Amino acid sequence: MMATGFTWETQNKAADTEAAQGVWQECKRMLQDESIDVVLLMS
């Protein structure tokens with residue numbers, strides 16, 4: 001879902017932060033959707 005990776009030694013912290021926040025918004029939407037039984041979050 002994220003379509004990008006990151007490391008602790010990031011080359012572009014702003015882009016990594018934006019990508020992570022975008023994915024988190026989608027995760028929150030799925031967690032609130034009663035038609036979805038399971039949301040699997042992996043690192």
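This report describes a single protein chain in a predicted model.

**Overall layout**

The protein chain holds one helix and zero strands. Along the principal axes, its C-alpha atoms fill a box of roughly 40 × 15 × 15 Å. Burial is limited to 12% of the 43 residues.

**Helix H1**

H1 covers residues 13–32. The helix has 20 residues. From first C-alpha to last, H1 reaches 29 Å. That is close to the 28 Å expected at 1.5 Å a residue.

Five names make up the buried set in H1: Asp 16, Ala 19, Val 23, Cys 27 and Met 30. Seen down the axis of H1, these buried residues fall within an arc of 75°, so they line one face of the helix. The other side of H1 carries exposed residues: Lys 13, Ala 14, Glu 18, Gln 21 and Gln 32. H1 therefore has a buried face, with exposed positions on the other side.

**Salt bridges**

The whole structure contains two salt bridges. Arg 29 takes part in the pair with Glu 26 and in the pair with Asp 33.

| Salt bridge | Closest N and O atoms |
|---|---|
| Glu 26 – Arg 29 | 2.7 Å |
| Arg 29 – Asp 33 | 3.8 Å |

Through shared partners, these salt bridges join Glu 26, Arg 29 and Asp 33 into one network. Glu 26 and Arg 29 both sit in helix H1. They are three residues apart, about one turn of the helix.

How accessible are the members of this network? Glu 26 has a relative accessible area of 27%, so it counts as partly exposed. Arg 29 is partly exposed too, because its relative accessible area is 41%. Asp 33 has 25%, which also makes it partly exposed. The cut-offs explain these labels: buried means under 20% and exposed means over 50%, so values in between count as partly exposed.

**Nonpolar surface patch**

Which residues form the nonpolar patch on the surface? They are Trp 24, Leu 31 and Leu 41. Together they have about 320 Å² of accessible area. Trp 24 lies in helix H1. Its relative accessibility is 41%, so Trp 24 counts as partly exposed.

**After the helix**

Leu 40 lies in the segment after H1. Is Leu 40 buried or exposed? Leu 40 counts as exposed, because its relative accessibility is 66%. Leu 40 and Cys 27 are 13 residues apart in sequence. In space, their C-alpha atoms are 9.2 Å apart. Cys 27 is one of the buried residues of H1, whereas Leu 40 is exposed.

**In brief**

The picture is of one helix and zero strands. H1 has its buried residues on one face. A salt-bridge network joins Glu 26, Arg 29 and Asp 33. Trp 24, Leu 31 and Leu 41 make up a nonpolar patch on the surface.

How values were computed
Residues are numbered from 1 along each chain as its sequence is written. This is a predicted model: local features need pLDDT of at least 70, side-chain atom pairs count only at pLDDT 80 or more; totals for chains, interfaces and linings use all residues. Side-chain values use heavy atoms; hydrogens and water are left out. Patches are made of residues with over 30% relative accessible area and no salt bridge: like charges are joined within 9 Å, nonpolar side chains (Val, Leu, Ile, Met, Phe, Trp, Tyr) within 5 Å. Accessible areas come from the Shrake-Rupley method with a 1.4 Å probe; for residues, only the protein chains shown count as cover. A salt bridge is a side-chain nitrogen of Lys or Arg within 4 Å of a carboxyl oxygen of Asp or Glu. Helices (H or I, at least four residues) and strands (E, at least two) are DSSP runs, numbered from the N terminus. Buried means under 20% relative accessible area, exposed over 50%, partly exposed in between (1.4 Å probe, protein chains only). The expected span of a helix is 1.5 Å times one less than its number of residues. The arc is that of the directions from the helix axis to the C-beta atoms.
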